[in-house]
Amino acid sequence: MRLAIVLTEGFADWECALLMATARTELGLDVLIATPGGTVVTSMGGLHITPHLPTKTLAPAEFDALVLCGGSAWETAAAPNLTAMIHAFHGKGRVVAGICGATLGLAASGILNEADHTGNSLESLSAVAGYHGQRRYRDQPQALRSGRLVTAAGTAPVSFTAEIFHALGLGSAALDDYLALYAKEHAAVHAAR
């Protein structure tokens with residue numbers, strides 16, 4: 001199984017890190033990084049990433065999932081237009097996922113107009129031209145899976161990871177227990193307050 005992870009300049013280091021590490025080390029999946037133009041990108045934290053390939057070469061026949069990582073670029077004119085690619089993956093029944101600012105790219109594609117979804121806020125999605133999915137927006141802290149579409153706020157990288165694996169048919173009680181380890185600190189903080 002192969003995952004395509006799209007990173008942009010200023011991507012959020014934490015949003016796909018657990019997904020990539022778990023996919024490779026725990027599940028033995030191929031994880032390939034794509035960037036617009038195939039250029040090196042730098043994360044918010046200063047990590048330089050050399051991609052495996054440019055986004056324009058991503059094809060649904062070669063991947064089981066298209067994952068868009070959030071970051072600062074999605075809220076600017078530099079945001080890549082991945083509409084055709086998003087529709088190609090979705091149309092072929094592949095998992096399509098976006099977290100944080102990357103949900104703006106999904107909104108711009110129109111894919112969120114007819115599917116339950118979440119994101120950083122309804123307000124941010126509503127500012128995107130072509131977004132008419134307000135009635136399907138769910139204001140929740142965890143990632144949301146609607147068929148083979150997964151969306152999440154930037155504060156939900158653990159449930160984002162879990163929902164992608166479930167959408168791929170790789171979910172299990174053991175995997176849920178493993179991912180729950182990464183959420184324990186939040187439960188303890190919340191319970192203490």
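Contact, in this report, means heavy atoms within 4.5 Å. The structure is a predicted model, in which local features need pLDDT of at least 70 and side-chain atom pairs count only at pLDDT 80 or more, while totals for chains, interfaces and linings use all residues. Residues are numbered from 1 along each chain as its sequence is written, and side-chain values use heavy atoms, leaving out hydrogens and water.

**Helix α2**

Helices (H or I, at least four residues) and strands (E, at least two) are DSSP runs numbered from the N terminus. Helix α2 spans residues 83-91, and its buried residues are Met85, Ile86 and Phe89. Buried means under 20% relative accessible area, exposed over 50%, and partly exposed in between, with a 1.4 Å probe and protein chains only. Viewed down the axis of α2, the buried residues fall within an arc of 100 degrees, so they line one face of the helix; the arc is that of the directions from the helix axis to the C-beta atoms. The cover over these buried residues includes β6 (65-68), β7 (95-99) and α3 (102-109). On the face turned away from the buried side, α2 carries the exposed residues Ala84 and Gly91. Just after the helix, Gly93 takes a positive phi of about 75 degrees.

**Packing of α2 and α3**

The axes of α2 and α3 are 9 Å apart and meet at an angle of about 80 degrees. Axes are lines fitted to C-alpha atoms, for helices over the stretch in contact, and angles run from 0 to 180 degrees between N-to-C directions. The two helices are therefore roughly perpendicular to each other, a term for angles of 65 to 115 degrees. The contact is made by Thr83, Ile86 and His87 of α2 with Gly105, Leu106, Ala108 and Ser109 of α3.

**Nonpolar cores**

A nonpolar core is a set of buried Ala, Val, Leu, Ile, Met, Phe, Trp, Tyr and Cys residues joined through side-chain atoms within 4.5 Å. Two such cores are listed below.

| Core | Size | Residues named |
|---|---|---|
| Largest core | 34 residues | Most contacts inside it: Leu3, Ile5, Val67 and Phe160 |
| Another core | 27 residues | Among them Val6, Leu106, Leu112 and Leu149 |

Leaving aside neighbours within four places in sequence, Val67 is in contact with residues including Ala4, Ile5, Cys16, Leu19 and Phe160.

**Thr22**

Thr22 lies in helix α1 (residues 13-26) and is buried, with a relative accessible area of 0%. Not counting residues up to four places away in sequence, Thr22 touches Leu27, Phe165, Leu175, Tyr178 and Leu179.

Technical notes
Angles under 35 degrees count as roughly parallel, over 145 as roughly antiparallel, 65 to 115 as roughly perpendicular and the rest as oblique.
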